[in-house]
Amino acid sequence: MNKVLVLGAGQLARMMKLAGAPLNLDIKAFDVRTNKVVHPIANEYTFGDLASGIAQADVITAEFEHVKHDVLAQCEASGKLLPSSQAIKIGGDRRLEKALLESCQVANAKHRVVDTYSDFSNAVSDLELPIIFKSALEGYDGKGQWRLKDMSQAEAIWADMEAFVKGANTSVPQGIIAEQMVPFDREVSIVGARNKNGEIAVYPITENHHTNGVLSVSLALPVAEKLQQQAFEVFSKITNKLDYVGVLAIEFFQLGDTLLVNEIAPRVHNSGHWTQQGTDTCQFENHLRAICNMPLGNTELIRPTAMINILGEDNVPEDVLAISGVAIHWYNKGKRVGRKMGHINVCANSEQQLADKLTKLASILDPKAFEDLQQFADMLQSRVNQ
Ligand code: ATP
Ligand code: MG
């Protein structure tokens with residue numbers, strides 16, 4: 001079990017390659033845009049087509065959930081795909097995802113499936129304003145979403161969504177989910193791994209902050225046991241139901257002491273990147289261990305850690321590296337506005353020290369590129385001082 005093929009050739013496949021090298025794992029990636037198997041770090045090195053990639057692999061996995069269904073079927077037919085195509089498809093279709101949450105009886109936001117205008121009217125009367133409408137397929141980074149705050153917007157939003165669904169070029173029909181907006185106190189996620197024997201190892205829940213709909217900062221601190229237990233139970237229910245193998249992430253809205261599931265991601269996740277420096281075994285290694293049938297590694301938090309996404313920038317001042325406990329992870333991608341280009345992990349020995357390091361970081365980084373970082377550092381400072 002040492003040859004892995006990853007569906008998708010982005011930063012997640014790249015970081016799997018980096019984490020798998022010490023274990024002598026031979027990891028290749030299938031670039032869905034060029035239909036070629038490539039080296040996950042040096043993408044210019046190619047190895048052939050999907051069929052030969054499948055034939056040469058011991059195990060096949062995915063770095064994203066929007067993989068074409070015929071590709072998934074071809075991989076699954078080899079008997080090597082982990083997690084299953086069912087789990088990957090559920091992560092890529094909010095209709096299937098909501099049905100899974102209901103069947104696992106885990107708390108989630110009140111919602112309705114909207115296919116017709118009459119479904120739309122019913123959803124608007126069954127749910128309370130504000131309502132968020134989300135495309136069933138291909139949603140990511142807050143794309144394909146409409147927010148209905150006032151009934152005067154209803155007809156325009158419906159017209160826009162109807163045109164969007166009609167214009168969709170998806171292999172499965174596009175659709176809409178209407179969801180009650182949740183007045184959450186904060187957003188958190190749990191990332192964890194489950195192996196073939198059904199053993200589960202989860203990381204401590206992470207607090208997530210978004211800027212313009214995109215994850216900007218994740219914060220890993222010691223967690224209240226009850227909250228962690230609640231997240232662990234949801235993780236167990238979902239992964240056991242799917243007989244899931246690999247790393248999976250669950251995003252939650254926290255209201256008081258209650259967690260409502262927002263969505264699941266059947267893969268390693270941006271909110272788990274802090275594990276590269278904040279734990280003994282990062283999420284990329286644990287994903288590989290799970291799918292290659294090795295024992296799972298320790299997931300405990302060893303020190304308070306924050307992850308800051310680098311969005312739309314291909315350079316940060318090198319002074320950042322002079323702060324102890326700072327690591328930069330670049331993805332070697334072309335610069336584009338808002339694109340995830342890399343991330344910075346910041347580790348500290350205490351929450352106070354982490355707040356101080358973030359304050360220092362905010363003073364070095366360009367505030368135009370790291371819009372909310374100063375505000376985030378101030379927020380952490382005031383929390384520590386409470
Ligand atoms: P990503 O890929 O970044 O996770 P996404 O496109 O899959 O995003 P969601 O996670 O469903 O979309 O929504 C993006 C953000 O919008 C959430 O993190 C949250 O801040 C907000 N949001 C989504 N649904 C709700 C809701 N029901 N109530 C309140 N806020 C919501
Ligand atoms: Mg999300």
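What is the strand order of the open sheet of 5 strands, and which pairing does the sheet have? The order is E4-E3-E2-E1-E5, with mixed pairing; helices and strands here are DSSP runs (H or I of at least four residues for helices, E of at least two for strands), numbered from the N terminus, and two strands pair if DSSP finds at least two bridges between them. The structure is a predicted model, in which local features need pLDDT of at least 70 and side-chain atom pairs count only at pLDDT 80 or more, whereas totals for chains, interfaces and linings use all residues. Residues are numbered from 1 along each chain as its sequence is written, chains are lettered from A and ligands numbered from 1 in the order in which they are written, and side-chain values use heavy atoms, with hydrogens and water left out.

Strand E2 (residues 26-31) runs antiparallel to strand E3 (residues 36-38), the two being joined by 3 bridges, and Asp31 is placed opposite Lys36 in E3. Helix H1 (residues 11-20) lies across strand E1 (3-7), E2 and E5, at about 170° to E2.

Helices H3 (residues 69-77) and H4 (residues 85-92) have axes that come within 10 Å and cross at roughly 160°. H3 and H4 are therefore roughly antiparallel to each other, a label that applies to angles over 145 degrees. His69, Leu72 and Glu76 of H3 meet Ser85, Ile88 and Lys89 of H4, where contact means heavy atoms within 4.5 Å.

A second open sheet, of 4 strands, has the order E6-E9-E7-E8 and antiparallel pairing. Its edge strands, E6 (111-114) and E8 (145-148), each pair on one side only, and the twist averages 20° from one strand to the next. E6 and strand E9 (residues 176-180) run antiparallel and are joined by 4 bridges; Val113 stands opposite Ile177 in E9. Helix H5 (residues 94-103) lies across E6, strand E7 (131-135), E8 and E9, and runs at about 45° to E9. Helix H7 (residues 154-166) also packs on the sheet, touching E6, E7, E8 and E9, and its direction makes about 165° with that of E8.

Strand E10 (residues 186-194) is joined to E14 by 9 bridges in an antiparallel arrangement, with Arg186 opposite Gln254 in E14. E14 also pairs with E15 in the antiparallel sense, over 7 bridges, and Ala249 faces Ala265 in E15. In the hairpin of E14 and E15, 2 residues lie between the strands, and Gly256 takes a positive phi near 60°. Of the 10 residues of E14, 9 are buried, that is, under 20% relative accessible area with a 1.4 Å probe and protein chains only.

The magnesium ion (ligand 2) is coordinated by Glu251 (OE) and Glu263 (OE), at 2.0 to 2.2 Å. Glu251 belongs to strand E14 (residues 246-255) and Glu263 to strand E15 (residues 258-265), so the pair ties together parts that are 12 residues apart in sequence. Donors are N, O and S atoms within 2.8 Å of the metal (3.2 Å for Na, K and Ca), and water is not among the atoms, so sites may look incomplete. Glu251 is buried, with a relative accessible area of 16%.

How values were computed
Axes fitted to C-alpha atoms, helices over the stretch in contact; angles between N-to-C directions. Buried < 20%, exposed > 50% of the residue type's maximum accessible area, 1.4 Å probe, protein only. Parallel < 35°, antiparallel > 145°, perpendicular 65-115°, else oblique.
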